[in-house]
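Trainee: Could you walk me through this one? I'd like to start with a loop and then move on to other parts.

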Amino acid sequence: MSLASPTYLAAIPSPSTAVWHLGPIPLRAYALCIIAGIVVACWVTDRRLRQRGVAPGAVLDIALWAVPAGIIGARIYHVITSPAAYFGTGGEPIKIFYIHEGGLGIWGAVAGGAVGAWLAARQLGIPFAVVADALAPGLPLAQAVGRLGNWFNNELYGSRTDLPWGLEIHRMDGGQALRDEAGRPILEEGLYHPTFAYEALWNVGVAALVFFLDRKLRLGRGRAFALYVMGYTAGRFWIEMMRTDEANTILGVRLNVWTAALVFLGALAYFLLVRGPRQYLIPIGAPVATSTAATDVSQVDLSARQASEQPVAPDGYRVVSEEQFRHWQETGEAPPEPTGASDTGTATGASGTGTASTGDAATGESVTAAGRSDDAVTAEERPGDAATDGGAAASARPAERDS
């Protein structure tokens, strides 16, 4: 008797192959989806960073820190929340390192990616909140693309359903569907809620929401990222309760449901309590317009302006208001350096500590890359907040198979 399920007039098919082989090299659909998601997030983030004054290509430097840190964080979260498979009866601790077998958690990925992005921001002299806000719509798009990997793996689906969009599920082994005596892929009985697809669609909606509200409200200081976190966790809360895969529970409720609720409340508090204008950046050392003694009309050095637009990493950035940034874009004239009335702070990095002069958005402030000092700091300036205050980030990070 064939184990294939009956044919439905309306059903979402699932792939019967999740791994292809080029000789001895396996190509996993799950990994390809993760990589595609990272590319999408980097592209969106790069465009948004450049709109705020960051030099082209900076997102690649950030990704080099954030992506590995996100993978490590995702794996640590999975191991901590599912220890029995590694340290319980019959567990194998060495399998902690078998990431190709699955086991990555979104919560650890965001936390680890945030640490990596923070370190990269320090190295580049970019306020962390600027990076977080630039990433805000790109990260849910990356998650949506990554969820397609769950479709290829025939995993993370919900309970049985008779809805028109029910999902067919193959019985998989080693990235391939098991087959009956006639060579046909074996399907599980009935149709199932495609919860990973629900989450993917929800994430696309979150990205659109963040993009629209950020454009309308001119969010800054990490509030765009907080908005993403609220949107994502709100959807994850109800989607997680639909899933039927094995998970740890607290008081009969899946652990990730509790996590989603707590993270939502934290993001909501941040969004409501933190205030401040959107930050724009001018590279330190960028060419400025010069004026002649006979006229007060600025003469822009176009050759220097073109040279400054090349993707060369600056020494750091000055934080300015949007008005000052637009003026600098149009004329090449940078606003005056902060005077003794402004605050000062420091920007630190892996190679040392540099000094950065900071002020409010009306006067401009500067942040220098790690290990470099800002000559604009004067003895009259007093300590204040660092220019990298506020914000939360996450990196474009990989999708997860069990969370």
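Mentor: Let's start with Leu 251, which is found in the loop between strand E7 (249-250) and strand E8 (253-254); please keep in mind that this is a predicted model.

Trainee: Okay, and what is phi of Leu 251 near?

Mentor: Phi of Leu 251 is near 55°, which is a positive value in a residue other than glycine. Most residues other than glycine have a negative phi.

Trainee: Is Leu 251 buried or exposed?

Mentor: Leu 251 counts as exposed, because its relative accessibility is 78% and the cut-off for exposed is over 50%.

Trainee: Where is Leu 156 found, and is Leu 156 buried or exposed?

Mentor: Leu 156 is found in the loop between helix H6 (138-152) and strand E3 (160-161), and its phi is likewise positive, near 55°. With a relative accessibility of 6%, however, Leu 156 counts as buried.

Trainee: Switching topic, which residues make the nonpolar surface patch?

Mentor: Trp 20, Leu 22, Ile 25, Leu 27, Leu 32, Ile 35 and Val 39 make that patch, which covers about 650 Å². Strand E1 (19-22), strand E2 (25-28) and helix H1 (29-51) each give two or more residues to the patch, and H1 gives the most, with 3 residues.

Trainee: And Ile 25, where does that one lie?

Mentor: Ile 25 lies in strand E2 and is partly exposed, at a relative accessible area of 49%.

Trainee: Last one: at what angle do helix H8 and helix H9 pack?

Mentor: Helix H8 (residues 223-240) and helix H9 (residues 255-273) pack at about 155°, with their axes 8 Å apart, which makes H8 roughly antiparallel to H9. The crossing of H8 and H9 is left-handed.

Methods. Residues are numbered from 1 along each chain as its sequence is written. This is a predicted model: local features need pLDDT of at least 70, side-chain atom pairs count only at pLDDT 80 or more; totals for chains, interfaces and linings use all residues. Side-chain values use heavy atoms; hydrogens and water are left out. Patches are made of residues with over 30% relative accessible area and no salt bridge: like charges are joined within 9 Å, nonpolar side chains (Val, Leu, Ile, Met, Phe, Trp, Tyr) within 5 Å. Accessible areas come from the Shrake-Rupley method with a 1.4 Å probe; for residues, only the protein chains shown count as cover. A salt bridge is a side-chain nitrogen of Lys or Arg within 4 Å of a carboxyl oxygen of Asp or Glu. Helices (H or I, at least four residues) and strands (E, at least two) are DSSP runs, numbered from the N terminus. Buried means under 20% relative accessible area, exposed over 50%, partly exposed in between (1.4 Å probe, protein chains only). Axes are lines fitted to C-alpha atoms, for helices over the stretch in contact, and angles run from 0 to 180 degrees between N-to-C directions. Angles under 35 degrees count as roughly parallel, over 145 as roughly antiparallel, 65 to 115 as roughly perpendicular and the rest as oblique. A crossing is left-handed if the near helix is turned anticlockwise from the far one by less than a right angle, and right-handed if clockwise.
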